[in-house]
Amino acid sequence: GGNAVEESYTDFAIAISPEAMEGLTVGYASSDNQTGVQIDQKKTTMYAKYAVGAFTVGVQSSEKDDTTANSDQESLAYGITYAVNDDISVGYSYHEVEFEAGASLVDQTSTGIQASYTMGGMTLAGASNDVENIAGDSARDTEGYEFTLSFAF
């Protein structure tokens, strides 16, 4: 009908693990969404992960561009894990979301520390996570802790 709004989207993603550099994986993804006559949203993300010896390191950068005023976002995340031995591993992660300057929002930051111990079919794991300025609101912070004990039969 006369009031119909045309919508369209295009998504694309690729990941490569080159044989010449064992342990490396890189990827890129893009999305373009037209959800109305004047609303267009483009998202992109790229990442790299590299595993060498007992270490695995990863980094990801993402961006959202929106025609709606003050809706753009950029994010950067990275993490590192270390396998102490076959049974114990530890890790650290960080993630920051930056909101568009005119949005009167502050940057959201998240950090986490993780550890796990595996013996036979049993795994004991724990994590401590902290998020500040949830969704850009400086009054919203949270902390979380998780402990799990799992058995494989």
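Two strands count as paired if DSSP finds at least two bridges between them. The exercises below apply this to a predicted model.

**Exercise 1.** In which sense do strands β2 and β3 pair, and over how many bridges?

Solution. 
- Step 1: locate the strands. β2 covers residues 24–34 and β3 covers residues 40–52.
- Step 2: count the bridges. There are 11 between β2 and β3, and the sense is antiparallel.
- Step 3: apply the cut-off. At least two bridges are needed, so β2 and β3, with 11 bridges, are a pair.
- Step 4: pick out one contact. Asparagine 33 has glutamine 41 in β3 as its bridge partner.

**Exercise 2.** Place the strands in the sheet: what is their order, and which are the edge strands?

Solution. 
- Step 1: write the order. Nine strands make up an open sheet that runs β1-β2-β3-β4-β5-β6-β7-β8-β9, with antiparallel pairing.
- Step 2: find the edges. β1 (8–16) and β9 (142–151) each pair on one side only, which makes them the edge strands.
- Step 3: From one strand to the next, it averages 10°.

**Exercise 3.** Describe the two neighbours of strand β7 and the hairpin that β7 forms with β8.

Solution. 
- Step 1: take β6 (residues 88–99). This strand is joined to β7 (residues 108–119) by 10 bridges, and the two run antiparallel. Tyrosine 92 stands opposite isoleucine 113 in β7.
- Step 2: take β8 (residues 122–132). Glycine 112 stands opposite asparagine 129 in β8.
- Step 3: look at the turn. The hairpin of β7 and β8 has two residues between the strands, and glycine 120 takes a positive phi near 60°.
- Step 4: look at methionine 119, which belongs to β7. Its relative accessible area is 49%, so methionine 119 is partly exposed.

**Exercise 4.** Classify the ring pair of phenylalanine 55 and tyrosine 82: is the pair stacked, edge-to-face or tilted?

Solution. 
- Step 1: check the distance. The ring centres are 4.6 Å apart, and the limit is within 6.5 Å.
- Step 2: check the angle. The planes are 40° apart; under 30 degrees would be stacked and over 60 edge-to-face, so the pair is tilted.
- Step 3: locate the residues. Phenylalanine 55 lies in β4 (residues 55–66) and tyrosine 82 in β5 (residues 73–83), so the pair links parts of the chain 27 residues apart.
- Step 4: Phenylalanine 55 is partly exposed at 39% relative accessible area, and tyrosine 82 is partly exposed at 32%.

Notes. Residues are numbered from 1 along each chain as its sequence is written. This is a predicted model: local features need pLDDT of at least 70, side-chain atom pairs count only at pLDDT 80 or more; totals for chains, interfaces and linings use all residues. Side-chain values use heavy atoms; hydrogens and water are left out. Rings of Phe, Tyr and Trp (its six-membered ring) pair if their centres lie within 6.5 Å; planes under 30 degrees apart count as stacked, over 60 as edge-to-face and the rest as tilted. Helices (H or I, at least four residues) and strands (E, at least two) are DSSP runs, numbered from the N terminus. Buried means under 20% relative accessible area, exposed over 50%, partly exposed in between (1.4 Å probe, protein chains only). Axes are lines fitted to C-alpha atoms, for helices over the stretch in contact, and angles run from 0 to 180 degrees between N-to-C directions.
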